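Thank you all for coming.

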Amino acid sequence: MASSTTNTSSWNRKVLSLQCKARGVPSPQITLYKPGGQPITAGVSPISGGSQLQVTTTQDAGDYGQYKCRASNLLGSVERLIYVNQWFAPGPPIVTVSNIEASSIKVNWAPPSSNGGSPVIDCKVEVDPAKPGAVNNTMMRSFIGPPSLPVLKPGDNTTTSEEITLEWSKPDENGGAIQAYIVYFLVTFPDGQKTDWTETANITDLSVLSYTFKGMKPGRTYSILVTAYNHTTTDNYAVKRQREKSGFFSRVPRAQQQIIMPSKDKEKNLVSFHEFREVFAHVNTFGRYQKALFLGCNGIILAFALQYGSLLFSFGTPRFHCADNNSTCEPNKCCNNCTTYAFDGPFISIVNEWSLLCDRRYIAAIVQSMFFAGQLVGSSCCGMVSDAFGRKRTMLLSSGLFASFSLGASFANGYILLGFLEFMVGFFLVSALLSEFTYVIELSATKRRTMIGSVVEIFWPVCLLLHTLIAFLVHEWRNLLLAVSIPGFVFVCFWRYIPESPRWLVTRGRLDEAQAVLNRFGSSNPIDQQALRGLIESIRESQIETERKAKRYTLIDLYRTPKMRKWALVMGFNWFTVQFSDMGFMLFLSVLPGSVYVNQAIPYATQVVLIPIVWVLMQKFGRRPIHVTVLLVPGVMFLVLMAIPEGYPMLSAGLALTSKSILNIAWLTIYLIGSEVFPTTIRSTALGMCSTFQRCGALVAGYVSMLSQLPGLSIYLPVTIYGLFAIAAGVLFAIFIPETLHATLAQTIEEAETRQDSYALICCAKPASADVITSPVETEANSSV
């Protein structure tokens with residue numbers, strides 16, 4: 001272990017250098033943390049054997065305290081603490097004057113009452129020669145520094161107006177020469193929450209000693225602070241110095257409300273931004289009413305799942321054989337010398353009705369792809385529709401519309417009309433699907449969202465199992481489309497019982513409706529209606545301010561920087577592969593040995609069992625190893641299928657179904673990792689990009705599956721393609737995507753680009769012991785004060 005100095009001192013505008021060194025096998029990753037616990041990315045540079053942090057400390061107390069240096073590798077982690085003390089400029093010495101003579105004067109002083117944290121090592125005496133003339137008994141001293149506080153003149157004790165005029169007098173000490181008067185304000189809401197100090201005026205005309213503050217709202221306390229500014233003053237120093245030393249007037253624009261005279265203590269715990277999650281301090285995070293809405297709204301997943309499941313039984317190819325006499329054509333194969341084909345069932349699709357085999361098979365593939373083309377277009381605009389018209393309205397109207405088009409598809413008399421109707425089904429289905437997922441996620445507090453997302457994933461295989469049963473009972477594709485349209489209409493009937501998302505209502509300024517919905521959430525204690533109202537008003541104001549200042553990110557920003565570009569391409573390819581392999585495999589289930597209904601049910605039943613197990617494994621071992629496993633294992637098993645002799649059809653079917661069961665788990669991992677790896681400022685854009693890749697994978701899958709019917713080719717060709725894509729996606733993910741378990745989510749692209757990512761394996765989410773040594777070294781010398 002290298003020795004190091006663990007404590008040091010710093011002051012305003014001083015460059016502080018902290019070094020952290022470590023050794024271990026494998027080489028440890030070093031991370032520095034601020035006293036508040038936030039990881040440090042800016043100012044960190046590599047040095048031999050470790051990292052060095054250079055930061056210019058300010059007067060902010062957050063720059064001082066206990067810094068932490070952590071070194072970690074696969075075997076564990078070790079931490080070393082560095083305590084940074086804050087020094088200030090010493091106070092003024094106590095001066096006395098005696099022995100005044102015509103040509104001399106004696107000046108005495110005592111040490112200052114405060115040395116600022118470091119012993120005073122030097123005193124400097126400066127003499128400003130007076131003009132020739134008489135000498136009196138007064139010594140003139142000049143103060144150079146921040147000016148004193150302007151004196152606010154008291155006004156009326158009450159106000160009912162939305163504006164107020166403040167007047168003040170010049171400060172007693174100008175510290176040299178005043179350059180401007182700066183006016184700040186602070187708002188205190190009815191629930192006691194406060195904003196931060198905000199500058200509202202910078203007056204450079206020194207003859208103006210008044211200011212009219214406008215835009216006050218009833219029920220809130222407005223604290224006004226007037227400061228004087230000169231060349232020695234910084235904004236933070238002015239506010240802190242004058243706030244700590246002086247009072248200020250606070251007025252509430254309400255009838256008969258008295259002026260509040262604040263204490264001279266420093267303001268603490270100021271809140272500058274309010275988020276919707278704060279309402280869950282007043283209402284249940286996931287109470288009985290929210291659970292009922294959650295279960296009820298997830299019932300619409302049945303309507304979604306039935307539409308997806310119908311792709312196989314309505315548009316897929318049943319088993320068939322050549323009906324010509326003395327034909328040697330293999331079952332489920334197109335041959336050049338065969339003129340007539342007969343279908344063996346067990347279902348009747350558009351392929352039967354319109355003879356879409358062999359050279360006409362592409363028509364069925366186009367009809368299937370129109371469904372996903374509609375989703376591709378719908379996913380690009382449904383978010384804007386949901387934000388504009390509400391989650392409830394978009395979800396329910398879209399459900400009714402896709403059910404209507406699905407019903408119309410059951411009566412289509414040609415594949416052109418059917419393709420158009422399937423496009424509209426896909427368009428409105430994805431709109432309803434995304435709105436429903438957003439709605440159920442917004443019902444609860446943030447800490448519940450991971451659990452909710454996992455439970456939603458269980459609904460899908462359960463509903464797909466139910467679809468398999470329906471398809472077993474309803475063999476004809478028109479009747480099947482008619483049956484799967486019913487749940488969409490049933491869901492619309494619950495319009496009056498489903499409230500709008502309170503989060504969306506707040507964003508649209510409909511605060512009364514939002515409060516009414518939040519009251520339905522209930523609470524273990526009586527809800528303070530006044531505090532809740534004040535909070536949601538503050539949330540709305542914070543949203544407006546954030547929208548005004550927020551930078552708008554586009555898809556181009558996702559590809560501007562190296563790390564974002566790499567993550568976007570790899571994640572997009574993974575989303576493409578998961579949908580491509582999953583959908584392609586489902587489309588040729590009918591050609592596998594055994595019952596197509598049993599083959600359809602096995603992977604979904606297995607998925608129901610595996611989801612909670614995989615979730616526990618991800619919490620213990622991380623996201624990366626699980627996701628890579630559920631891609632590589634099916635990919636390798638797809639390739640192994642080619643080595644199985646033709647005399648073992650059930651073995652081939654068992655291996656294929658096992659691969660499909662494992663691959664289904666990728667839906668859980670890919671959504672979770674996608675929501676964690678990208679920075680907050682561009683996360684929605686990134687997920688939208690990934691969703692586009694996903695729809696493209698579904699579009700291509702139908703055409704690849706069709707290759708198995710071409711003369712001279714077999715089912716092994718599409719299986720090989722699916723396997724190679726799965727392996728490539730898993731390998732790229734393992735190389736380029738970092739672990740996100742226990743990682744702090746990046747807020748900005750800049751933060752994500754500069755921070756160190758972890759690619760290490762996590763063992764049971766607990767660091768093990770290891771010979772990893774950290775040696776923070778501080779090299780600073782004391783300076784004269």
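This is a predicted model: local features need pLDDT of at least 70, side-chain atom pairs count only at pLDDT 80 or more; totals for chains, interfaces and linings use all residues.

Let me begin with C322 and C338, whose link is right-handed, with 110° about the S-S bond. This pair links distant parts of the chain, since C322 sits in strand β17 (residues 319-322) and C338 in the loop between β17 and β18 (341-345), 16 residues apart. The two sulfur atoms are 2.0 Å from each other, and a disulfide here is a pair of cysteine sulfur atoms within 2.5 Å. C322 and C338 are both buried, where buried means under 20% relative accessible area, exposed means over 50%, and partly exposed lies in between, with a 1.4 Å probe and protein chains only. As for the elements I name, helices (H or I, at least four residues) and strands (E, at least two) are DSSP runs, numbered from the N terminus.

Residues are numbered from 1 along each chain as its sequence is written, and side-chain values use heavy atoms, with hydrogens and water left out.

How many disulfides does the structure hold? There are four, and, with bonded cysteines counted along the chain, they follow the pattern 1-2, 3-7, 4-6, 5-8.

Turning to C20 and C69, their sulfur atoms are 1.6 Å apart in the disulfide that they form. The torsion about this S-S bond is about -45°, and the disulfide of C20 and C69 is therefore left-handed. Because C20 belongs to strand β2 (residues 15-23) and C69 to strand β6 (residues 65-73), the pair ties together parts that are 49 residues apart in sequence. C20 is buried, at a relative accessible area of 0%, and C69 is likewise buried, at 0%.

A further disulfide is formed by C334 and C358, with 2.0 Å between the sulfur atoms. C334 lies in the loop between β17 and β18, and C358 in the loop between α4 (350-354) and α5 (361-389), so this pair ties together parts that are 24 residues apart in sequence. The link of C334 and C358 is left-handed, with -100° about the S-S bond. Is C334 buried or exposed? C334 counts as buried, at 5% relative accessibility, while C358 is partly exposed, with a relative accessible area of 22%.
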